Amino acid sequence: MPPGLDKLQHIVVLMMENRSFDHMLGSLKAVDARIDGVTPDLSNPDTNGNPVKAQALAEFQAQLQPDPDHHFPAVDLQIFGGDPNRVANMQGFVKSYFNQQRDVGHSQKIMYYFAQKDLPVLTTLALEFAVFNRWFSSIPGPTICNRAFAHYGTSFGRVDMNLIYINEPFKSIYDRLIGATPKHTSKLYYYDTTSSTMEITNLLEHQPELFGTYDQFLDDCAKGNLTDYSFIEPNFNDHEGDSGDEVANDQHPDHNVQAGEIFIASIYNAIKNSPLWPNTALLIVYDEHGGIYDHVVPPACTPDQFTASANDTGTGRPFTFDRLGVRVPAILVSPWIPKGTVVDRVFDHASIPATVTKFFLGDYSPRSPRETSADIFIEPDSRSVDPARNLLSLDVMRTDCPDFDLE
């Protein structure tokens with residue numbers, strides 16, 4: 001087995017909020033042509049029929065107000081562009097944003113993306129480690145149902161922001177791990193008690209050992225006490241904390257994107273500067289695109305065993321979870337990954353429980369059809385698969401990984 005896989009003991013997932021691949025990483029096409037980012041020919045029509053080009057004019061804050069619509073009907077318009085034949089064309093983003101305040105000029109801002117220099121943390125990690133060209137949100141809809149796929153491999157038929165009530169025997173990845181024999185450890189780190197995890201009501205709130213704060217994560221890294229699997233949530237809102245004002249760092253429009261850059265760097269630094277660096281893989285991913293432009297058509301996928309009714313989708317059509325949502329940024333970090341790795345296989349958030357389950361538990365049942373069909377991003381034994389699928393492929397651990405100064 002390659003030494004990186006042999007040494008791997010900890011998988012960490014950091015899930016940020018509501019930004020598309022083109023919006024955050026599209027500029028990297030000009031740096032590495034293998035990265036499927038923004039090209040000069042990309043555009044969307046506005047409501048007057050005029051083409052609006054994708055441009056590197058995104059601002060850190062105060063540009064995307066009101067928040068772009070990312071509920072199911074709006075995402076349907078964004079993907080299909082109102083085509084009566086329902087051919088996915090990614091031509092409805094400007095039309096959709098126009099519906100927020102009926103301002104043609106403002107609606108064009110949905111096409112703006114960040115220049116590489118504006119996001120030095122995220123773009124550096126993408127170029128230094130493994131960037132995924134084809135990581136999609138799990139459904140064309142909002143936050144909670146997409147995050148459910150990261151925890152359960154399904155949203156149990158939900159496509160909205162309502163709380164998800166578990167009605168089938170699919171356990172969360174946390175329950176699977178702590179209930180296994182031998183037992184594995186797992187923890188979901190939320191930012192603090194004010195910006196608490198939106199998943200507590202969906203996970204087992206009576207198992208406090210499953211939850212920790214951001215400060216506890218930093219301390220656990222420093223002491224080498226990370227659980228086998230860790231899931232990290234950012235700060236979802238501005239609020240007063242024990243040490244003063246806490247700025248939302250989740251990057252949800254219209255929160256400050258630079259605050260999110262600092263937060264991502266702090267998670268990376270905590271792992272890199274800990275004794276666990278040689279034994280840990282960090283996945284940085286976004287829950288959904290937030291209504292912001294991306295040019296890649298989401299692919300079809302294996303249907304889930306659930307169906308959202310035409311009334312639930314708000315489109316007049318039922319949804320069988322047979323296609324993915326819009327593409328989001330995703331980066332895998334490890335000192336065993338060759339610099340400049342670009343991955344073209346298709347993933348979605350169901351790949352998270354699929355990978356963690358396969359790596360720590362092997363075969364496990366029952367799991368949703370969407371999870372069992374999802375690709376995995378860490379192969380537990382590369383001897384049994386195509387070696388090219390092993391992203392932690394180096395024979396010697398890298399010593400040239402970047403550092404971020406947060407002072």
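How many bridges join strand S1 and strand S11, and in which sense do the two strands pair? Strand S1 (residues 10–16) and strand S11 (residues 280–286) pair in the parallel sense, over seven bridges. This is a predicted model, in which local features need pLDDT of at least 70, side-chain atom pairs count only at pLDDT 80 or more, and totals for chains, interfaces and linings use all residues. Residues are numbered from 1 along each chain as its sequence is written, and side-chain values use heavy atoms, with hydrogens and water left out.

**The sheet**

- Eight strands form an open, mixed sheet in the order S7-S6-S8-S1-S11-S12-S4-S13; strands are DSSP runs (E, at least two residues), numbered from the N terminus, and two strands pair if DSSP finds at least two bridges between them.
- Strand S7 (211–213) and strand S13 (341–343) are the edge strands, each with a single partner, so one side of each has no neighbour in the sheet.
- From one strand to the next, the twist averages 20°; axes are lines fitted to C-alpha atoms, for helices over the stretch in contact, and angles run from 0 to 180 degrees between N-to-C directions.
- Within the S1–S11 pairing, Met15 stands opposite Val285 in S11.

**Helices on the sheet**

- Helix H9 (residues 214–223) packs on the sheet and touches S1, strand S6 (186–190), S7 and strand S8 (229–232); helices are DSSP runs (H or I, at least four residues), and contact means heavy atoms within 4.5 Å.
- The direction of H9 makes about 90° with that of S7.
- Helix H12 lies across S1, S8 and S11 and runs at about 175° to S1.
- Helix H12 (residues 351–361) is mostly covered, with nine of its eleven residues buried; buried means under 20% relative accessible area, exposed over 50%, and partly exposed in between (1.4 Å probe, protein chains only).
- The buried residues of H12 include Ile352, Val356, Phe359 and Phe360.

**Cysteines**

- The structure holds zero disulfides, a disulfide being a pair of cysteine sulfur atoms within 2.5 Å.
- Cys145 is in no disulfide, and the nearest cysteine sulfur, that of Cys301, is 13 Å away.
- Cys145 is buried, with a relative accessible area of 0%.

**Met397**

- Met397 is found in the segment after helix H13 (369–373) and is partly exposed, with a relative accessible area of 26%.
- Not counting residues up to four places away in sequence, Met397 touches Pro278, Pro335 and Trp336.
- Met397 and Pro338 are 59 residues apart in sequence, and their C-alpha atoms are 9.4 Å apart in space.
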